[in-house]
Every structure is written in C-alpha cells, then in structure tokens.
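Please read them with the structure open.

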Amino acid sequence: MQENKDNKKSIQEKLELLKYNCANSSHLIVDQKVCAKCKDKPCTFICPAGVYSKDEITGEIIVQYENCLECGACRIACPKNTIDWSYPESGCGVVFKHN
Amino acid sequence: MDTINKADVIVVGAGPAGISAAIEVARGGKKVVLIERAQYAGSKNMYGGAVYTSALKEVFRDDFETIPYERVINSHTWAFLTDTGSFEMTYKNDDSTASYAIKRFNLEKWMIERAKEAGVYYIPNTLVTNLLLKDGVVIGVKTELEEYFASVTILADGVNSLLSRQINLRNNYEPKDIILSVKEAIKLDKKIIEERFNLKDDCKNGVNKQYFGTAFGNLKDVKNLFMMTFLYTFKDTVMLGVGANLADLTKNKLNLNQILDEVKKHPDISPLIKDGETIEYSAHLIPEGGYKKMPKLYSSGVIIAGDAAGFINSVHFEGTNFALISGKLAGESALVALENNDFSERSLSVYRKKLEKSFIMKDLYAYRNVIERLYSRSNSLSVYYPKKIRELFEIVTSANCISKGSQIRSYVSSFFKDRNISELFKDIFAFLKCGLDVFFGK
C-alpha cells in the first residue's frame, strides 16, 4: 500500500470532524537524538492521527500533538521506547461524542 | 489536611470499571472520590459499539431500565471477506436483550448520574499525575493542583494505565500484545438503516457484524495481518471499524486508517454505508495479553481493575462486562479492607480471590493461549480459509458442467496440495487446542 498522500489527506479530513479542547503544551515528547538513530520510525506511519512526521530538511520528528486521539499506539510501537507519553492536561485533548 | 481531600477510597478513571467500583464503595456507606481527567466521562473512550446487559444489571440493579441505549443488538453475523464478496453466518434472536448499542459518551454520562445518586464524589476535569506513596504503601494521588488521600486507591485508568506502571505493578506491553482499533461513526437515516439491515420493531433490533479476512483490494498482498472488521447499527449511525495487531501493522508498515478506507470500499461493505456521512473518527487500544500479561492486581493500598488490568476477552468482543464486574469486585474488596482496617497487600488479596470465583479469572485462564494460537495462524485465518470458503461455494453454487464428484474430490485434495502439509496440521492443532482449552476451562 503506497498511498501515503491519500491516507494523509483522508486522516486530515477525519480529524477535522473532531472536537478538541485546549492544547497548551505537548503531552508527547520525543528524544530527537534517539529518533535520529531509529531506522524504521514506526511512529511516522503507525499513528492513526498522523501525529508524527519527519522533517524533510532537518530529519527531526515533528509532533503535531494537538491532533492526538490519545490511543497510545505510538508509545508501545516505539522500538526505542523513547516517547514520553502522558495524557493532555486536565480537561484537554480530544472529545469523542459518537463513540 | 483538608477534609474534602480525604476519603476512604479514591477511584481513578470514570469508565465502566471505575464507576462500578465507586458505586460499590458508596453503597457500602464509605466516602469515595471518583477522579476523571476528561471534561465529560466517556469522551475519551471508544469501543465497537455494544455493552452487555447482564453486567449492567448486576451493577445498576433496577436503574438499569433507564439506560438510554440506541438499539438492542440481537443479530450477530460472522463473516469471511474475500476479494469479490463474502461468506456470512448469521444468528438472529429477536427476543434477545443481551447487548445494547450505546455511545460511550452517553453510557458514561448515564453511569455518572447513577454514581452521584449513590453518593459518589465525582471530580471531572482532573488529571491524576502521580500516586502518593509512604513506605511503599499507596496513600493517595496527586493531581495537577492538589493531593487526595485515601486508605485504598483503585486504578481504573484504562488500557494505558500510566499509574500502575509508576509503581511497577505492570510492565509495558509489547506491540504483539496490543490491538489498535479505529472506527468511524457514519450517519445514515434511521429508516435507511432499518431497511438496509432488515430491522423491524424500531430500536428493539440491531445488528453486529464481525468480519475476518484481509485478502481484498489493496490489502491483497499483505501477509501476516491479524485483523478484524466490525460493524454495529445504532439508531441513525453505523459504526464501522477495524482492529489489527500492532506488531503486524508495524512490520507491514501499515496505517490503520488506510486499512479502514480499504474496508469501506469492499463490495460487501460499501453498500451498507452508501450515502452515509462520517461524523466522527476515533482510535483506541485493546490489551490482548490476557492472563499471561496480567499485572500484579493489587499492592498495599492499591487495586487495579478493568482495561488497566487487561481484563478482556477479545475472541468474544467482551470488555465492558469485565470492566463493570472487576470494578464491582474491587469496590467490594476495598470495603472488606476498610472493615478490617487493614490495607496491606495481604488484606487486599481478597480481590484476587473474588476474581477467581467470578467468570473473569476463569475465562482469562481458559483463553490464556487462544489469541496467541489464532495469531500464530493469522495467515490461515485472514487469507487461506477465506479463499477456500470461496472455492467451496463456487463449486456449490455454479453449475459449470463438471461433475460434482470430481470437483469435490479435487477440492478436498487441494487442502493437502495448496500448502506444505504441515500448515494444515498446524491449523487443526491450533484450532482444536483453542476449543479444548475453553471446554475444559474452570
């Protein structure tokens, strides 16, 4: 399945349907030094909200934490176990209603 | 110390396990504080779509009647998806009321109202960041703003349970122990849903479909993907989702949204959601490690319940029932400890004894190897048998001017020729062992 662009667009459209409360600071912290050594970077393709991507120029991992669905897949899939994963602050983050 | 911040029991997480636990403690006449990180309980949760009524009745008793469900789910379909169609088996019982389709936002909202009536102090909008320990005993919790103290803390903080990891009650899951699930809520006219799914009697009927099989569309060439598709009818929404093993997704470099989009195009599924409007997209993890990956369920001053303890039976799509009942037993155990004024690990071991007497530990034990066995045969389940089912029904349904005898003979012999013969015996062995484990379970 090589349709990454289509999938990104599909995810984006779906995320636009969602309601999010406040997002003042990132609840997902990565260690760029460790990420740089990570070959597969599963976070960049596993996340159902496409939160993680690789900066084409710097090679760093960009974290769009404000799109997070709070599932936890990235935390467990990370081969380096390096994602400092916590919940968004009290009352913040995604709000599912038709769940 | 502020008296508001001192309770007999603190429960972290207002899902089915936490609410059930808190209600049990409140009914026992003890002061219980239920802390939830979300603004609205239920707004962080996601499941396939149905909650089991027997567990609800056990926890909510007569109040159960007032639950604002959307449909009774009493038609169950198990299906194999092939690239051109499907093989389905449906069990329908119009009289069954065993499960209800209800959105988690509404389920938790209703449960919280019942908890408040029972006397639970409910504190939403509050994230517990740490457990408070004194000499290795959990004595309360720390939120972003305050500290709360209690004799017993019940952790019902869900599949990611960061708190139980803080005190090393559990190890991290490995990707192979986890199912990642995403779903879409697809809005359709109520009448269209009823026509499309052959539903009579208004909301007294509803459908659940579970599909195996991955060999279709763009997924055709993907090997070793342990995945299921699920569908539930709600009043004017169809829930369509997929769940797949996290290790398989990682190995195959797949994104689950991509898979869901592919499922939506399948010739047997696309007509069911035609003209529907997606109104929500959600994701969640399911802990599949079961009995073997069970955490330490209690320690001095603390008990774990629900998803946080990995209490599910994914074969039968059971989870909310495990959560509700384990929560209730956690509440009962806290009451026993309060009665004896002993909150040591030994005292709280009563929780394990209660779990062992209930279906929870019995089922977890009986199914301890089942998922692993099915997982080891995922190619057979997802690709090979859907193909063989298709071949069989092609013989049965197409009058192709070849004698049935010769076709069936060659079909049967194909099981020995298609693959290395050891594969067939591995399948038989795995499926038989699954059945025997459950049959001879406690």
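Which residues line the largest cavity?

1. The model is a predicted one. In it, the lining of the largest cavity consists of Cys35(A), Cys38(A), Lys41(A), Pro42(A), Cys43(A), Ile61(A), Cys78(A), Pro79(A), Lys80(A), Thr82(A) and Ile83(A). The volume of this largest cavity is about 90 Å³. Sorted by class, its lining comprises eight nonpolar, one polar and two charged residues.

2. The count of cavities of 30 Å³ or more is two. The second largest cavity has a volume of about 70 Å³. It is lined by 13 residues, and those closest to its centre are Cys47(A), Cys68(A), Cys71(A), Gly72(A) and Cys74(A). The classes in the lining of the second largest cavity are eleven nonpolar, one polar and one charged. Both volumes come from a probe calculation; in general, rolling a probe the size of a water molecule over the atoms shows where empty space is left.

3. Three elements of chain A, namely helix 1 (4-15), helix 3 (43-46) and strand 3 (52-54), each contribute at least two residues to the lining of the second largest pocket. By class, that lining divides into six nonpolar, six polar and four charged residues.

4. The next points concern chain B. Strand 1 (residues 6-12), helix 1 (residues 16-27) and strand 2 of chain B form a β-α-β unit, and the unit is right-handed. Strand 1 and strand 2 of chain B run parallel and are joined by four bridges. Within this pairing, Val9(B) has Val32(B) in strand 2 of chain B as its bridge partner.

5. Which way do the residues of strand 2 (residues 32-35) of chain B point, and are they buried or exposed? Val32(B) and Leu34(B) point one way, Val33(B) and Ile35(B) point the other way, and all are buried. Buried here means under 20% relative accessible area. Strand 2 of chain B is also joined to strand 8 (residues 121-123) of chain B by three bridges, and these two strands run parallel. Tyr122(B) in strand 8 of chain B is the residue opposite Leu34(B).

6. Chain B also has an open sheet of three strands in the order 3-7-4, with antiparallel pairing. Strand 3 (50-52) and strand 4 (71-72) of chain B are its edge strands, each pairing on one side only. Between strand 4 and strand 7 (residues 99-101) of chain B, which run antiparallel, there are two bridges. In strand 7 of chain B, Ala101(B) stands opposite Arg71(B).

7. How many residues of strand 16 (residues 277-287) of chain B are buried? Nine of the eleven are, and strand 16 of chain B is thus described as mostly covered. Strand 12 (residues 178-187) of chain B pairs with strand 16 of chain B in the antiparallel sense, over ten bridges. In this pair, the bridge partner of Val182(B) is Ala283(B), in strand 16 of chain B.

Definitions and conventions
Residues numbered from 1 in each chain as written. Chains lettered and ligands numbered in written order. Predicted model: local features only at pLDDT ≥ 70, side-chain atom pairs only at ≥ 80, totals over all residues. Heavy atoms only, no water. Buried < 20%, exposed > 50% of the residue type's maximum accessible area, 1.4 Å probe, protein only. Pairing = 2+ DSSP bridges. Right-handed = clockwise from strand over helix to strand, strands pointing away. Nonpolar A, V, L, I, M, F, W, Y, C, P; charged D, E, K, R; others polar. 1 Å grid on protein atoms, 1.4 Å probe; cavity = no way out; pocket = protein on both sides within 12 Å on 5 of 7 lines; lining within 4 Å. Points joined across faces, edges and corners; volume = space filled by probe spheres on them.
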